[in-house]
Amino acid sequence: MKKVTPILTLFVFVALTCLPAFAQGPQPVRKLIYSLETGEELLQPESAIFISATKESVILILSKGKGDKGPPLFVVKNGKKKGPFTKLQEAMEAAYEGEGGSIGVFRDCADYTPDQAQIPPDAIPSTEFDERGGQTVVFKGKTFGPYLSVSDVLATRDGSRAYFMVNDKDRLWLICSDGRKVPIAGSPQTLKLSPDGKNAIVACTGSLSPTEIEELAATDPEKFNAEMNKNYVYTIDGKKFGPYGMDFKDFWFSVGNNNFFFLDGNQLYMNGIPTLTLKIEPFSPCDFYPSADGRKYALFTLESLVFSDGKKYPFPLNIITFQEGEQTMIKWVALENKRDIVVYQRAI
Amino acid sequence: MWPLAGVLLFLQVLAPLSAEEDYAVLFGEKYAEAEKFLRQNSWIADSLRLPPQETRIALAIVFPEIIRFKALEDKIQVRALKVLYIQYSQKYADFSVGHFQMKPTFAEKIERDYNRLFSAEEKTAAQIAPFETGDSSRLRRERVVRLDDLHWQARYLRLFMMVMEKLYEGRAFDDDLEKLRFYATAYTTGYAQGEKTIRRMMPTRHFHVQLLFPKTRYSYADIAVFYFNRQTAPATRVPCFARDFNDF
């Protein structure tokens, strides 16, 4: 008994010390990046602001005081300050050299969209009208089609693939330039691509062909309405999920990983598998940062970053996520005390 | 009132388009998208609760901003600026939100002027309650949420028209086009700058549809007038989408 007591005491002590930490989730690592000097400001021209976080660094463009050609500009990158620059273009070149252009400066959203303006020029897909009245898709010198009609032609960010949807002899198809082609049906919504460009999904309302939809609408409006209340999700690899009802809300790929999500009522699905019940109103995929296993998340609200473990951090400015082993890491920048640029990082 | 508006409309139908540039061609697809947006959201015109000609003027005032929004909506994100505005107020209030590209400073001013210029009876008739005053993080957050809501943008536009009528009541405008030029310039440069400054700014070319580094700038009022004329004139021109939008 005498020997057991110290061990038990130690066990209780460890348990009491550690349990609250587990309950509260991991503590973020906080790092001061830079303190604004007197008169120095985060540059914010034309409704843009130059704070961008990457996995490795935080990049800032600052302005200070006045000059003949506008205020002198400075760049803070990897903790080092460069400048002054007189032109924004010069400051941007210094800031984003080797970072893939204006990475992370403007689009700040948790759902992924391949910026079609950033695609290599030789990989910009086009649609053309065929002399017989059909449409073709041209991508990297290769012609696809002709089809009756083509919609949503999107190239991946690296220009390696193009995806599009077609109506071919009254049948709808989701097609990838790498040869994958799967049947879809109903009324397709917008096509979504994964960040790595290897996957594509589309949600469709109903499961009939275009002609069947037209006929049903004309002959049996009640049946037509019932049909159009069903939603399905298709992937380029031939998977089909659904039907989901009228509560089907949104479908998207998340930045930072290549999982796709959709929300049916309060039920969140990851890659077609139910993972979480969410009570977030109004819900926007743009504000929702899920972990790679789909079981945890961080949510951007206008005044804080709220984690599914209940932790809350005020005023996040720029948010990125990335994988580190099994963990989905989230990193965000905040301006504290009106002058301190601080970066936080923790697992979701 | 209505017969006169009808006569004015008829005269405008006969009149040639006054703007020199064909902005439908210049802005191509984005001009067409902005037009389509207003067609598909006809509730905006209804929600303004203005006489027909005033409604046309109000929509023309925001039309250039819709073009800009359509050109940049996939690129520009003002999330960080919204956060900084809520956190630190005025210093970070200079950014534009939504289809009508309204700034928090514009909303603040409209709210203050609506509270100040309109009697309790007028507010009841307008069916818009006075705004809560002060400058707290909570109020700024509520304002940002309002600016993110298209219904509220339409309401702010209606309030802008009401406030302008109050502030510039009795000003003689040669015609509706001059009034539109004045109002559109006031909307884009700040209506509180006073009549003299607004009139001086009317021909200036500050408007562009690039995120940064614009090559060409246009007169905001000219674009508003061009849209207004096309809405009242018979469709004689077909927009050409031949030009690459990124060329400007």
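Predicted model: local features only at pLDDT ≥ 70, side-chain atom pairs only at ≥ 80, totals over all residues.

**Strands, cysteines and helices**

Modeller: Let's start with strand β12 (residues 171-176) of chain A, which is mostly covered: five of its six residues are buried. Buried means under 20% relative accessible area, exposed means over 50%, and partly exposed is in between (1.4 Å probe, protein chains only). Helices (H or I, at least four residues) and strands (E, at least two) are DSSP runs, numbered from the N terminus.

Colleague: Okay, back to β12(A). How many bridges join β11(A) to β12(A)?

Modeller: Six bridges, between β12(A) and strand β11 (residues 162-168) of chain A, and the two run antiparallel. Two strands count as paired if DSSP finds at least two bridges between them. In this pair, A:N167 sits opposite A:L172.

Colleague: What's in the turn between β11(A) and β12(A)?

Modeller: That hairpin has two residues between the strands, and A:K169 takes a positive phi near 50° there.

Colleague: And how does β12(A) pair with β13(A)?

Modeller: In the antiparallel sense, over four bridges, with β13 of chain A covering residues 181-184. The hairpin here has four residues between the strands, and in it A:G179 has a positive phi near 110°.

Colleague: What actually holds paired strands together?

Modeller: Strands of a sheet pair through backbone hydrogen bonds, either parallel or antiparallel.

Colleague: What's the strand order in the sheet with β8 of chain A?

Modeller: The order is β7-β8-β9 (chain A), three strands in an open sheet with antiparallel pairing. The edges are β7 and β9 (142-147) of chain A, each of which pairs on one side only. The twist averages 25° from one strand to the next. Strand β8 (residues 135-139) of chain A is joined to β9(A) by four bridges, and A:F139 has A:K142 as its bridge partner in β9(A).

Colleague: New topic: cysteines. How many disulfides are there over all chains?

Modeller: One, from a search of the whole structure. A disulfide here is a pair of cysteine sulfur atoms within 2.5 Å. The bond is between A:C109 and A:C286, with the sulfur atoms 2.0 Å apart. A:C109 is in the loop between α2 (88-96) and β7 (126-129) of chain A and A:C286 is in the loop between β22 (273-277) and β23 (288-290) of chain A, so the pair ties together parts that are 177 residues apart in sequence.

Colleague: Are A:C109 and A:C286 buried or exposed?

Modeller: A:C109 is buried, at 12% relative accessible area, and A:C286 counts as buried too, at 15%.

Colleague: Now chain B. What is it made of?

Modeller: Twelve helices and two strands. From the N terminus on, the elements run α-α-α-α-α-α-α-α-α-α-α-β-β-α. Of its 248 residues, 54% count as buried.

Colleague: How do the axes of α5(B) and α8(B) cross?

Modeller: The axes of helix α5 (residues 79-88) of chain B and helix α8 (residues 137-147) of chain B come within 7 Å and cross at roughly 150°. Axes are lines fitted to C-alpha atoms, for helices over the stretch in contact, and angles run from 0 to 180 degrees between N-to-C directions. α5(B) and α8(B) are therefore roughly antiparallel to each other. For the cut-offs, under 35 degrees is roughly parallel, over 145 roughly antiparallel, 65 to 115 roughly perpendicular, and the rest oblique.

Colleague: And where is B:Q101?

Modeller: B:Q101 is in the loop between α5 and α6 (104-117) of chain B, and it is buried at 12% relative accessible area.

Notes:
Residues numbered from 1 in each chain as written. Chains lettered and ligands numbered in written order. Heavy atoms only, no water.
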